[in-house]
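Have the structure open as you read.

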Amino acid sequence: MLMLMLVAAVTMWLRPLVTAQLCRSRTVRTGKVFNVIQDVQGDRLYFQPTTTRLIKHPCEKNIALYLGKQVFFTMDNFETSLLPFTIPTSMQVGVPEVTSAHFAGSLLLLVVDQKVYIYDYENNSWSMSLDAKKHPTMHRKLLHVSNLVFAYFRGDQISQTHIYYSNTGGFSFWKYHYDRQAEIIGSLGGIFHFFSLSQVAMLVVNQGKGMFKYSDHPLNRSFGLSFDYNGTLDILIAPGQRGILLLWFENSLLFSHNAGQLVDTVRVKKGDQTLFSSIFEANITIHSIAVTENELAVITREDNLYYGNLGIVPSSIIKFADQYIWSEEVALMFRNPGTLEILTPVRDTAFPAFDFQKCLVNIQALLMDPELHVGKCKIEVLTGEFIYRMYTIDMHSQLELTASLIPQPGTSLIPLVMICSPRTPKIHFYVSSPSTCLCMSGRDEVPLPCSLKRATMSTLTVDIANKEISCVDIKPLSTLISVGCDLDKKIVIQNKVTACSMGILDPLTLQDNYSFIIEKEFYHPGFQGQQSSEDLHVFYSYQQLGCPLLVYYDTLWKPVGQWACLCPPQNYVSCHDPNNNAPLRWPDVQYQILGGQTANQIIFGHNGFYVFYISIVDPYYSYCQLETIFSIYVYGAFPVQLVSAGVVILLIISSILGSVWLAYKTPKLLRTARGRRIKKCATQLCRRCKTVCQFRASATARAGTEPPGRHRTPHGGRSDH
């Protein structure tokens with residue numbers, strides 16, 4: 001009996017020693033060698049709740065903010081001793097209590113004493129952004145591609161509360177008007193923006209039940225399923241944009257894998273056995289929590305460390321051996337997959353700067369403890385080339401993704417593919433080889449016209465349903481899919497034969513501020529078929545148009561395309577304008593366009609430049625507004641005639657008929673008495689004209705032979721020349 005007790009005592013003493021080796025502890029102490037004391041300037045910030053928070057920058061892994069009785073801001077992952085974080089006294093914050101904080105790019109947003117402050121840590125400058133009458137809590141999507149920030153009052157009735165949003169990273173805020181906000185009964189438990197869903201979700205609390213209400217189609221048709229709401233929950237969005245939410249406070253931990261549509265409790269397990277169905281049932285008091293794309297860690301006031309993974313199946317956590325590491329200031333953060341760091345600020349009685357005790361936990365080593373009854377990981381390889389990338393699915397486009405899955409010998413796996421999107425494309429999933437490869441292909445369904453006003457982000461995730469918690473290094477495969485306009489899709493004009501390549505136009509001339517004139521007879525500013533009051537002077541944009549296509553004047557041109565217009569036939573309003581309420585007076589009349597099944601064609605009758613604007617009007621072709629402009633130079637036509645051919649023909653025919661009439665009428669007229677008188681007058685007129693011409697000719701001859709001066713006239717007088 002004595003021997004058994006001795007063995008038991010030895011076992012109890014050995015276990016802490018083994019545990020201590022798995023949690024390697026060290027203290028960070030810097031800048032205190034030369035006994036230089038730094039003063040704390042400004043108002044010290046503090047965090048009132050009994051729990052601690054450690055907020056890491058979503059992109060910069062070494063930048064973080066610690067919230068507790070003291071607030072610390074680090075840019076080297078707490079590898080140096082730090083002074084408590086302060087705000088300048090010139091900001092006049094009053095009570096320097098931090099109620100919420102968030103990183104937005106190179107900015108740190110803090111809610112302090114009813115106001116939102118901005119700290120630019122790159123320039124070490126402060127500014128105030130939003131002033132409110134109550135302490136708002138703030139949440140923003142932790143993703144660098146989104147600048148949306150929400151500030152709101154938690155706990156007030158939704159019909160009376162104020163919600164603010166900012167799309168400038170927190171510099172400016174505006175009131176957010178939620179659709180039918182007054183009709184939602186209950187208090188506001190939280191609000192967040194989930195980027196991949198393009199949704200703003202609002203947590204509504206009413207009579208001990210919580211549920212999410214969404215802003216956009218199709219999730220806005222109804223609430224998410226209700227769940228028990230006990231206490232004020234904080235919302236954590238797991239990195240990776242997979243729709244994973246964690247809702248927690250001291251005695252509750254909830255999990256959702258689809259952005260709050262379904263919310264369930266996190267269970268406490270030991271091996272495959274479920275010990276407790278919830279944190280509340282396990283009588284656990286959460287002190288700090290850390291989360292990554294795939295992992296979850298919880299430290300409790302009962303001095304216990306729990307660990308779990310975040311997957312498609314319901315989440316659960318297991319309890320590690322006692323660590324003896326809890327304190328009121330302790331906080332958690334993941335350094336790498338499978339590596340957890342327990343951080344504790346340590347006060348120095350001789351210096352104002354705090355040191356930091358770091359305890360590095362090897363999760364994989366802890367999971368090897370046989371008392372945990374954790375099964376061996378059955379996955380050998382799970383990989384795919386599509387991770388950490390973003391793809392685009394436009395209309396009539398396909399996306400094929402391939403993932404490789406290799407199980408351990410003698411085991412079988414259940415692969416799952418989940419896409420988190422309000423508009424789920426058709427996903428076809430098949431296993432090409434039972435143990436080596438799984439493939440996915442997606443094709444977007446054709447939407448209604450104008451139903452997609454902006455690109456919708458979706459997240460596709462490949463995971464294993466029966467994955468063990470010991471698969472620490474096997475993360476789910478995730479990728480972002482944009483259902484919307486493919487930015488690489490554009491209209492390309494084929495310009496194999498141009499006016500420059502054929503030597504008709506010189507490209508250098510076109511680039512030298514080349515211009516041409518459209519006469520007023522052929523131009524109207526509104527393109528309504530009327531005549532303009534003045535000519536149009538057009539500068540040729542070579543950078544935009546390039547060298548014009550070369551077309552012979554007698555060529556018939558007809559592009560190919562289809563259309564489906566919403567507006568009645570006309571020429572001046574977009575046929576897909578959703579705001580146009582004009583009635584369809586002629587529903588059977590087609591909208592006249594160039595292309596498709598119409599017989600419309602263009603015949604170029606004159607030489608010169610023609611600039612065209614072309615766009616795709618078929619709403620079922622692409623989400624993109626595909627449009628471009630191009631130019632054509634027409635050659636080979638005859639010069640433009642100033643007088644029309646009809647007028648010329650009429651004049652020629654009139655001249656011929658007039659000549660024939662005169663040839664017929666003149667002989668008859670001369671035989672009459674009147675004709676003889678006209679003939680006699682004409683003869684006398686001709687004689688007189690002849691005499692005058694002869695006299696002038698003789699006078700000119702004499703003037704050319706006599707010298708200038710006074711000459712005698714035939715009558716004996718003088719004439720001066």
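## Cys-624 and its partner

In this predicted model, Cys-624 has a relative accessible area of 9%, which is under the 20% limit, so Cys-624 counts as buried. Its disulfide partner is Cys-485, with an S to S distance of 2.0 Å. Cys-485 is partly exposed, at 28% relative accessibility.

The torsion about this S-S bond is about 105 degrees, so the disulfide is right-handed. Cys-485 sits in the loop between β40 and α3 (507-511), and Cys-624 in the loop between β46 (608-615) and β47 (627-635), so the pair ties together parts 139 residues apart in sequence.

## The other disulfides

The whole structure holds 3 disulfides. Another joins Cys-500 to Cys-547, with S to S at 1.7 Å. Cys-500 and Cys-547 are both buried.

Cys-377 is joined to Cys-471 (S to S 2.0 Å), and the link is right-handed, with 110 degrees about the S-S bond. Cys-377 lies in the loop between α2 and β33 (379-384) and Cys-471 in the loop between β39 (456-464) and β40 (477-483), so this bond ties together parts 94 residues apart in sequence.

## Core and sheet

The largest nonpolar core has 22 residues; among those with the most contacts inside it are Tyr-307, Phe-320 and Leu-332. The largest share of this core, 3 residues, comes from α2.

Leu-332 has Ile-342 in β31 as its bridge partner.

Methods:
Residues numbered from 1 in each chain as written. Predicted model: local features only at pLDDT ≥ 70, side-chain atom pairs only at ≥ 80, totals over all residues. Heavy atoms only, no water. Core = buried A, V, L, I, M, F, W, Y, C linked by side-chain atoms within 4.5 Å. Buried < 20%, exposed > 50% of the residue type's maximum accessible area, 1.4 Å probe, protein only. Helix = DSSP H or I, 4+ residues; strand = E, 2+ residues; numbered from the N terminus. Pairing = 2+ DSSP bridges. Disulfide = S-S within 2.5 Å.
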